[in-house]
Amino acid sequence: MTELRHLISIDDLDRDDIIYILNKAETFEDVAKGKRKLQILEGKILANLFFEPSTRTRVSFEVAMKRLGGDVINITAQEATSIAKGETLADTIKVVSKYADAIVIRHPLEGAARFAAENSEVPVINAGDGAGQHPTQTLLDLYTIRKECGKLDGISIALVGDLRYSRTIHSLIRALTLFEIEIHLVSPELLSLPKEFLEGIRGNVKKSNLEQIINEIDVLYVTRIQKERFLDEEEYRKVAGSYRITTDLLKRAKDNLIIMHPLPRVDEVEVTVDFTKHAKYFQQAFYGVPVRMAILSEVII
Amino acid sequence: MKQLVVSKIKYGTVIDHINAGKALLVLKILGIDENTNETVSMAMNVPSKKMGKKDIVKVEGKYISEEELNKIALISPRATINLIKDYEIIRKFNVRPPKIVEGILNCPNRLCITNSGKEPINSRFYIKIEQEKVVAWCHYCGRKISDLSKHIR
């Protein structure tokens, strides 16, 4: 693959790059589970720079780094650092890149990760910039699909919930269209995918009704519908209720359908669904570790 | 008898066929303001066979670089440039939009890092022609702008 220095946007990768990273992640799975020891990042330090709260992403990067023998410094509480004193992101990055061998950044402003990369002496990995990009989430989503469905080309996926604001969904759609994948968009009108988003995207993408396609799809990807997007609570309840995944809905599903969710979930997937063979969202969270190991080893070594 | 709206210049740059009403923005793009030493004349809403109405800007005593002039294409893609020497046109060309522009456009996305207000950052946009219209994409947040004249700094 082309040399990967920073990972800022999924658009920076082509189909071959993605497959290369997924294959590499595969070789790390036993290390991620703690079954095999590896010290390839021994002596290297990762700076986790989180300007916004995160649990899964930050922890899985930390685990990935440590499983490969590296160390991690976490810079999270804004109050405790010079950021609270008004330091620019550019300066913070210039300093941190003198201390660490790679930086993982999450920031509330869009484009912050690209700007950070321009100011950094070491590789920068985007762990979410506002409503912008979250490429490592996309890679772990693709990894989950390939792992659990056995392939990427030829599958049919339904993206359900907030398609308008979810950065996870935006990154994922771009990546899915690099493969032969049928994409169904399932969302309330208020939260439908912005039209301009589909410009320049080639692929088999259509709006669908979940009830009508539940027996055809291989992957059901659910996202949270955020209450704050609605002006009135009654409207929210009505909409959110109609996009809830229940065991009842799954009765008509394919035997090998998998359900994914970037987590945290609120109530869009009924807890009883967790006990069905379809539920893969916790496994999906685990896959974040080998995928991030692959990315870290790729940019650091 | 044909009458000149603005007088001929001896030496300098004439920007013709500017979309009507955009002459002030053209001056802004070229960085020409009250501190300029050049003699600058401007005509707005001049009748034009080709365009109905057009604006014209003349900058006397200075050849503006092609690179600078091409920025005009962002708001007036049909603009033509005449470089004048001794009252004669020595070179005539059409502006072509640059592939990348820095610091000229503002990103309309208020959550874009370029609008943070405290970072040492210049806006950067990739310019493309879509259905004969000039559009721009923010290098940082990916936001697309279709009506560029509304977002000139």
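A nonpolar core is a set of buried Ala, Val, Leu, Ile, Met, Phe, Trp, Tyr and Cys residues joined through C-beta atoms within 7 Å. The legends below concern a predicted model.

**Figure 1. The largest nonpolar core of the predicted model has 121 residues.** Among the residues with the most contacts inside this core are Ile103(A), Ala116(A), Ile157(A), Leu220(A), Ile259(A) and Leu296(A) of chain A, and chain B is represented by Ile72(B). Helix H11 of chain A, residues 281-300, gives the most to the core, contributing nine residues. In soluble globular proteins, nonpolar side chains tend to be buried together.

**Figure 2. Ile259(A) is shown with the residues that it touches.**

**Figure 3. Chain A contains 11 helices and nine strands.** The radius of gyration of chain A is 19 Å, close to the 19 Å given by the globule rule for 301 residues, so chain A is as compact as a globular protein of that length. Along the principal axes, its C-alpha atoms fill a box of roughly 55 × 45 × 40 Å. Buried residues make up 47% of the 301 residues of chain A. Of the contacts in chain A between residues at least 6 apart in sequence, 73% join residues at least 24 apart.

**Figure 4. Chain A meets chain B through 13 residues of chain A and 14 residues of chain B.** On the side of chain A that touches chain B, helix H3 (89-99) and helix H4 (112-118) each supply at least two residues. H4(A) gives the most to this side, with three residues. The residues of this side of chain A divide into six nonpolar, four polar and three charged. For the complex, the predictor gives an ipTM of 0.89 and a pTM of 0.90.

**Figure 5. Chain B is assigned domain 1 (11-94) and domain 2 (100-151).** The centres of domain 1 and domain 2 of chain B, taken over C-alpha atoms, are separated by 23 Å. Eight residues of domain 1 of chain B are in contact with six residues of domain 2 of chain B. On the side of domain 1 that touches domain 2 of chain B, six residues are nonpolar, none is polar and two are charged. Chain B has an average pLDDT of 92, and 96% of the residues score at least 70.

Note on methods: Residues numbered from 1 in each chain as written. Chains lettered and ligands numbered in written order. Predicted model: local features only at pLDDT ≥ 70, side-chain atom pairs only at ≥ 80, totals over all residues. Buried ≥ 20, exposed ≤ 12 C-beta atoms within 10 Å, placed from the backbone. Helix = DSSP H or I, 4+ residues; strand = E, 2+ residues; numbered from the N terminus. Contact = placed C-beta atoms within 7 Å. Rg over C-alpha atoms; globule rule 2.2 N^0.38 Å. pLDDT = per-residue confidence, 0-100. Domains from an automatic or database assignment. Nonpolar A, V, L, I, M, F, W, Y, C, P; charged D, E, K, R; others polar. Lists of a residue's contacts leave out its neighbours within four places in sequence.
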